[in-house]
Amino acid sequence: MSTSNTATTLTPGQHALLESALLQRQQALEQELQAQLGSQGRVEHAREQLLQDGDGEQAHAADREVDLARSDQTLEALRQVNEALQRLRQADFGLCIACGEAIAFDRLRHSPEVLRCLDCQAAQEKASQPGHTTHSL
């Protein structure tokens, strides 16, 4: 684990490009969430869906679950974008949280909310796979 970098290697232009991309993504997610939920919050939306199925039919249960899962995914993506916008204001934005090395700009440009460099992300995913064990001596 290296922590040799103390500041990101992003140029002001790259920084502005990432900020613009994050703000556009934030706006798109907010619009998507608005379309999914209307003027209601998640709880109110779920309650309305249940009331529409007041006759006790289970026919719409799967649709409700998909609808709620979709709004949960959108909310999680929006949370990640908002956190990335906050991190963008910090000097260490663009540095891997695991090894401290700079995350490749192409990776950040594609997904500005990422927290790890490609190598550390791959190691994280491998470690979290079922049945994976780490051996220590």
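Tutor: Welcome! A residue counts as buried when its relative accessible area is under 20%. Keep that cut-off in mind as we look at this predicted model.

Student: Thanks! Is cysteine 120 buried or exposed?

Tutor: Compare its value with the cut-off. Cysteine 120 has a relative accessibility of 18%, and the limit for buried is under 20%. Cysteine 120 therefore counts as buried.

Student: How many disulfides does the structure hold?

Tutor: A disulfide needs two cysteine sulfur atoms within 2.5 Å. For cysteine 117, the nearest cysteine sulfur belongs to cysteine 120 and is 3.5 Å away, and cysteine 117 is in no disulfide. Cysteine 120 is likewise in no disulfide, its nearest cysteine sulfur being that of cysteine 117. The number of disulfides in the structure is zero.

Student: What is the relative accessible area of cysteine 117?

Tutor: Buried residues have values under 20%. Cysteine 117 is one of the buried residues, because its relative accessible area is 13%.

Student: Which element gives the largest share of the largest nonpolar core?

Tutor: This core has 21 residues, and Leu18 and Leu108 touch the most other members. Two or more residues come from each of α1 (12–37), α3 and α4. The largest share is six residues, and the element that gives them is α3.

Student: Which side chain of opposite charge is nearest to arginine 87?

Tutor: Arginine 87 is found in helix α3 (residues 61–88). Its contacts beyond four places in sequence are Phe93, Pro112, Glu113, Val114 and Leu115. A salt bridge needs a distance within 4 Å. Arginine 87 is buried but has no salt bridge, and at 4.3 Å the nearest side chain of opposite charge is glutamate 83.

Student: How far apart are the C-alpha atoms of aspartate 92 and threonine 9?

Tutor: Aspartate 92 sits in the loop between α3 and α4 (105–110), and counts as partly exposed because its relative accessibility is 41%. Along the chain, aspartate 92 and threonine 9 are 83 residues apart, yet their C-alpha atoms are separated by 9.1 Å.

Student: Where does pLDDT stay under 50?

Tutor: Across the chain, the mean pLDDT is 82, and 72% of residues reach 70 or more. Where pLDDT is low, the predicted coordinates should not be read in detail. The stretch where pLDDT stays under 50 is residues 1–6.

How values were computed: Residues are numbered from 1 along each chain as its sequence is written. This is a predicted model: local features need pLDDT of at least 70, side-chain atom pairs count only at pLDDT 80 or more; totals for chains, interfaces and linings use all residues. Side-chain values use heavy atoms; hydrogens and water are left out. Helices (H or I, at least four residues) and strands (E, at least two) are DSSP runs, numbered from the N terminus. Buried means under 20% relative accessible area, exposed over 50%, partly exposed in between (1.4 Å probe, protein chains only). Lys and Arg count as positive and Asp and Glu as negative; His and the chain ends are not counted. Contact means heavy atoms within 4.5 Å. pLDDT is the predictor's confidence in each residue, from 0 to 100. A nonpolar core is a set of buried Ala, Val, Leu, Ile, Met, Phe, Trp, Tyr and Cys residues joined through side-chain atoms within 4.5 Å.
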